[in-house]
Amino acid sequence: MVKNEKLKEILIVGGGSAGWMAAAMFSHLFQGLYKIRLIESEEIATIGVGEATIPAIKRYNDLLDLDEAEFMRTTQGTFKLGIQFNDWLNIGSSYIHGFGVIGQDLGWLRMHHYWLRMRQQGEVSDLANFSINTAAALKNKFLRSRPDMPESPLSEIAHAFHFDAGLYAKFLSGFSQRRGVTRTEGKVVDVTLRPEDGFVESVTMENGEVITADLFIDCSGFRGLLIEQAMKTGYEDWTQWLPCDRALAVPCARSENFTPYTRATARGAGWQWRIPLQHRTGNGHVFSSKYMDEAEAEAILLSNLDGEQLAEPLRIRYVTGKRKKFWNRNCVAIGLASGFLEPLESTSLFLIQSSIIRLVNLFPDRQFDQANIDEFNRQTNFEYERTRDFVILHYKATQRDDTEFWRYCRDMPIPDTLQRKMDLFAANGRIFREDDELFAEVSWIQVLLGQGIIPRNYDPLVDLKSGAQIAQYLDNIETVVAKCVDVMPTHEVFVSKFCPAPA
């Protein structure tokens with residue numbers, strides 16, 4: 001029997017959201033089992049624009065036993081019920097991808113099948129009216145879920161957060177260091193690989209210090225200091241499906257329009273985000289340099305702010321895609337070092353937390369058994385590819401032909417995995433979640449319909465109910481949802497009472 005040689009030292013290279021999320025989780029779960037050290041340099045700016053999240057972030061916070069009100073006060077946080085997409089199908093179109101359920105299932109079928117039948121007859125209102133998340137978002141209302149009211153739609157509210165990513169990293173830095181993580185200030189200037197097997201042996205700091213470890217976590221951002229620059233792991237480019245390769249980000253003064261949702265507005269060669277925080281509003285313009293120059297992109301961004309500009313735009317260049325291996329020998333890449341999907345569906349922080357939790361579930365000893373590494377890479381690869389498909393859907397399913405960029409997106413070939421989903425839904429409105437892919441059926445349904453993919457027919461089992469029965473069923477859902485929204489406080493009032501940030 002081989003003796004189990006446990007790891008002794010973990011080194012995280014890079015701070016920001018990725019580095020400190022990893023440090024916080026490791027220090028909390030491992031409780032001193034390993035020595036954990038994190039290197040970061042105040043001279044190296046983090047991207048820090050990942051201010052919008054999806055409900056899965058609550059699982060991460062719960063694992064750390066964070067108090068939600070304290071976390072939100074500290075990060076200037078607000079609540080998020082979904083994402084509003086404007087001008088994506090065509091100019092003037094708008095829909096919300098809301099979190100949580102759509103209506104209430106009836107018998108064997110999901111509600112949208114009955115909605116599709118009544119839509120064919122022209123006798124149904126907008127799908128947003130049937131979900132507590134989307135209906136509340138459109139009226140700027142918010143309430144946390146009420147599990148004590150299981151028969152009410154108020155029990156089904158699903159929320160995520162908007163927050164200042166820099167403050168979040170600072171918050172987790174304090175959390176981690178109180179639990180024993182050692183922070184080292186400085187720059188890594190060299191990485192030494194063991195000649196016999198290519199494992200990372202040590203990193204050398206600018207001041208000459210050599211730091212060794214057993215497991216290295218690369219959170220160095222797009223550079224991929226360990227995983228790519230030193231280990232030459234390779235990168236898979238997805239620009240043919242997601243042609244945007246630039247972003248500009250700028251904060252502006254807080255708007256009176258204090259929405260409980262992120263807004264994504266399509267532009268001529270990309271899209272603009274709007275994220276409301278307690279102290280300011282985050283804005284950005286994601287665009288393709290092939291179809292628009294930076295000066296025009298900046299002019300579009302700055303002319304569409306709803307408050308005073310507070311800083312010069314941050315300029316970001318990227319290549320959408322992923323590492324060919326996320327875990328290579330004794331190095332695991334997390335965050336931007338592992339790959340990049342533009343923030344259209346707010347997946348960046350989720351992909352960080354998911355990798356961290358997956359690594360905990362497959363944590364190695366000093367043998368670094370290849371079976372654990374292969375399974376980590378398989379699961380992470382699947383997650384990236386299915387998340388990629390969901391983002392591509394927004395570009396591919398468009399009727400816009402007003403610019404060369406949108407004509408390219410409309411006509412481009414797409415991955416077979418996405419085409420299969422689109423074709424199946426277009427037939428009879430059917431969608432199935434595969435394995436543990438991130439986005440569930442309700443997310444696909446809302447975006448497919450919002451992007452104009454209207455099924456040719458509905459599930460035949462719908463016809464077990466008469467038109468009158470279906471109309472009554474849908475009317476009851478819409479009426480109950482509307483009554484619940486009416487009693488909810490505004491987003492601004494709820495935030496001011498639950499988690500007001502210090503002035």
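Trainee: Which strands does helix α8 lie across?
Mentor: Helix α8 (residues 294-302) lies across β13 (246-253), β14, β15, β16 (280-287) and β17. Contact here means heavy atoms within 4.5 Å. Helices (H or I, at least four residues) and strands (E, at least two) are DSSP runs, numbered from the N terminus. Keep in mind that this is a predicted model, where local features need pLDDT of at least 70, side-chain atom pairs count only at pLDDT 80 or more, and totals for chains, interfaces and linings use all residues. Residues are numbered from 1 along each chain as its sequence is written, and side-chain values use heavy atoms, with hydrogens and water left out.

Trainee: And at what angle does α8 run to β16?
Mentor: At about 150°. Axes are lines fitted to C-alpha atoms, for helices over the stretch in contact, and angles run from 0 to 180 degrees between N-to-C directions.

Trainee: What's the strand order in the 7-stranded sheet?
Mentor: That open sheet runs β5-β4-β14-β15-β16-β13-β17, with mixed pairing. Two strands pair if DSSP finds at least two bridges between them. At the edges are β5 (94-98) and β17 (314-317), each pairing on one side only. Neighbouring strands are turned by 20° against each other on average, direction ignored.

Trainee: How many bridges hold β14 and β15 together?
Mentor: There are 5, linking β14 (residues 262-267) and β15 (residues 270-276) in the antiparallel sense. A266 stands opposite W271 in β15.

Trainee: New topic: is T320 buried or exposed?
Mentor: T320 is buried, because its relative accessible area is 0%; buried means under 20%, exposed over 50%, and partly exposed in between (1.4 Å probe, protein chains only). T320 sits in the loop between β17 and β18 (321-323). Leaving aside neighbours within four places in sequence, T320 has contacts including Y235, W238, L242, C244 and F340.

Trainee: Where is L461, then?
Mentor: L461 is in the loop between α13 (441-450) and α14 (467-487). With a relative accessible area of 36%, L461 counts as partly exposed.

Trainee: What about the 3-stranded sheet, what's the order there?
Mentor: It's an open sheet, β8-β9-β10, with antiparallel pairing. β8 (188-193) and β10 (210-212) are at the edges with a single partner strand each, so one side of each has no neighbour in the sheet. The twist averages 25° from one strand to the next.

Trainee: Which residue is the bridge partner of S202 in β10?
Mentor: That's T212. Strand β9 (residues 200-205) is joined to β10 by 3 bridges, and the two run antiparallel.
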